[in-house]
Amino acid sequence: MKFKVPRGTQDILPSETWKWQQVEKIIDELCDLYRYKEIRTPIFEQTELFQRLVGDTTDVVQKEMYTFTDKGDRSLTLRPEGTAPVVRSFVENKMFGYPDQPVKLYYTGPMFRYERQQAGRYRQFVQFGAEAIGSADPAIDAEVIALALDVYKRAGLKHLKLVLNSLGDTECRTAHRKALVAHFGPHIGEFCTDCQSRLEKNPLRILDCKVDHGHPLIASAPSLADYLNEESARYFEDVKSCLDNLGIEYEVDANLVRGLDYYNHTAFEIMSTSDGFGAITTLCGGGRYNGLAEEIGGPSAPGIGFAMSIERLLLAMEAEGKTFQEEPALDVYIVTLGEQARQPGFKLLGELRAAGIRSEMDYMDRKMKAQMKSADRLQAQMVILLGEDEVAEGVVQLKNMANGEQVKVPVAELIEKMKETLLG
Ligand code: HAM
């Protein structure tokens, strides 16, 4: 076979799509419950949008973007994440002027990152994300976290851990940044070339470097927690109180920095603590991004959100042995005998479907016995047997596959009778 699915991507086959649909249903229902409205942005955006908003020094922008030049000589990038596009759309469509603030949005769609493939890490993956833009109320931070956790809970997951941190505001970050430069500066030669260039541009990134993560200076680096000013510390306390009010447990981790540049104040991740889960335990990540809308010329519109991949959610379900209910079986399979019965059978199929009865018939010229086998394989609850005699008489044989009972039913009464059987 010459062609294969591209590395880091996967086909989601019909045996799997049922699960995806169930997850998407949970997402849609919960977003409706929390009153988040769906937004659909393009799969690609101007490259500069991600450079500016996600950050030039992040791995996502430096190493992982699928960037191309189109025929009009524009640099475009397949979206590696959904927050920058949503904020772009918020500003472009002047959603800050909507009477109903904050604007609460959600999205589900493919994202693209050129990453090393491993279990739970793909080059194309589907993120469900939610963003609440326009409010700096700590309660909305807690709401967003509650929504993410509810998705996992509805999917049946129990082994979850919420990890929380505050990244403070610009003032705290400037002070912390200075401390980091002083800490790493004298020894920067011991770090990778990426970290060397991060020192001046964004020393915080050194803390989540995949190459140098074991370096002792990372463990002893000054903690942001020690640089939080009063306002940031108070905000963080308020977020924690709101979580307490919702009965949500969390762990504070002063080393949680997140891999994207736009965060301030609240940052969080939800991890799987299930034994069966692979090396990557983060299911969901998010945080606050005040100032992001201004960064692209919009007004001040503080925001918070999260994103999770459906792939990792399904892996976590597998690790915890959770499954969705089976797809509902077929209502009826029409078995026809002889050429004369074929067209009437086909006509009946159309009528049954019009009545909302999930029906199927044979398109492979199978003999009666093989048609019965198909009906079994598809777990049809009923079988309609239609031979030339039945056609002549205007009746069908209706067989209940659960108890084997077979009755003769006039075609005119068939749908009524079937609905009774299906409901019963
Ligand atoms: P992120 O931490 O880069 O944040 O990604 C969020 C989630 O997307 C991860 O926790 C994981 O579930 C999933 N994910 C990321 N990369 C991959 C991959 N290669 N394969 C499979 N799943 C992956 C963001 O993207 C932010 N936009 C989240 C956010 C929204 N912050 C505020 N609002």
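Visitor: How many of the residues of strand β14 are buried?

Guide: This is a predicted model, in which local features need pLDDT of at least 70 and side-chain atom pairs count only at pLDDT 80 or more, while totals for chains, interfaces and linings use all residues. Residues are numbered from 1 along each chain as its sequence is written, and side-chain values use heavy atoms, with hydrogens and water left out. Strands (E, at least two residues) and helices (H or I, at least four) are DSSP runs numbered from the N terminus, and buried means under 20% relative accessible area, exposed over 50% and partly exposed in between, with a 1.4 Å probe and protein chains only. Strand β14 covers residues 382-386 and is largely enclosed by the rest of the structure, because the buried count is 5 of 5.

Visitor: Which residue in β15 stands opposite I384?

Guide: β14 and β15 run antiparallel, with 4 bridges between them. In β15, the residue opposite I384 is L398.

Visitor: Where is the positive phi in the turn between β15 and β16?

Guide: β15 (residues 395-400) and β16 (residues 406-410) are antiparallel and share 5 bridges. One of the bridge pairs is V395 with P410. The two strands form a hairpin with 5 residues between them, and the turn residue with a positive phi, about 75 degrees, is G404.

Visitor: Which strand gives the largest share of the shell around the ligand?

Guide: The ligand is surrounded by 27 residues, the closest being E81, E115, E131, Y263 and L283; a residue counts as near if one of its heavy atoms lies within 4 Å. Strands β6 (124-133), β10 (282-288) and β11 (303-309) each supply at least two residues of this shell. The largest share, 6 residues, comes from β10.

Visitor: How many residues of that shell are charged?

Guide: Ala, Val, Leu, Ile, Met, Phe, Trp, Tyr, Cys and Pro count as nonpolar, Asp, Glu, Lys and Arg as charged, and the others, Gly among them, as polar. The shell holds 11 nonpolar and 9 polar residues, and the charged ones number 7.

Visitor: What share of the ligand's accessible area does the protein cover?

Guide: A polar side-chain atom of Q127 lies 3.0 Å from an oxygen atom of the ligand, and one of Y262 lies 2.9 Å from a ligand nitrogen. A backbone N or O atom of G305 lies 3.5 Å from a nitrogen atom of the ligand. Of the 660 Å² of accessible area that the ligand has on its own, by the Shrake-Rupley method with a 1.4 Å probe, the protein covers 95%.

Visitor: Is T83 buried or exposed?

Guide: T83 belongs to helix α4 (residues 83-92). Its side chain makes a polar contact of 3.0 Å with that of E131; such a contact is a pair of N or O atoms within 3.5 Å, where within protein one must be able to donate a hydrogen and the other to accept it, and residues adjacent in sequence count only if both atoms are side-chain atoms. Leaving aside neighbours within four places in sequence, T83 is in contact (heavy atoms within 4.5 Å) with Y107, E131, Y262, Y289 and L292. With a relative accessible area of 7%, T83 is buried.

Visitor: What is the relative accessible area of A132?

Guide: A132 is in strand β6. Beyond four places in sequence, A132 has contacts including Y36, I140, V144 and I304. A132 is buried, and its relative accessible area is 1%.

Visitor: How many residues of helix α11 are buried?

Guide: The buried residues of α11 pack against α1 (14-33), β5 (103-112), β6, α5 (138-154), β10 and β11. Among them are L313, L314 and M317. Helix α11 (residues 310-319) is mostly covered, and the buried count is 7 of its 10 residues.

How values were computed:
Two strands pair if DSSP finds at least two bridges between them.
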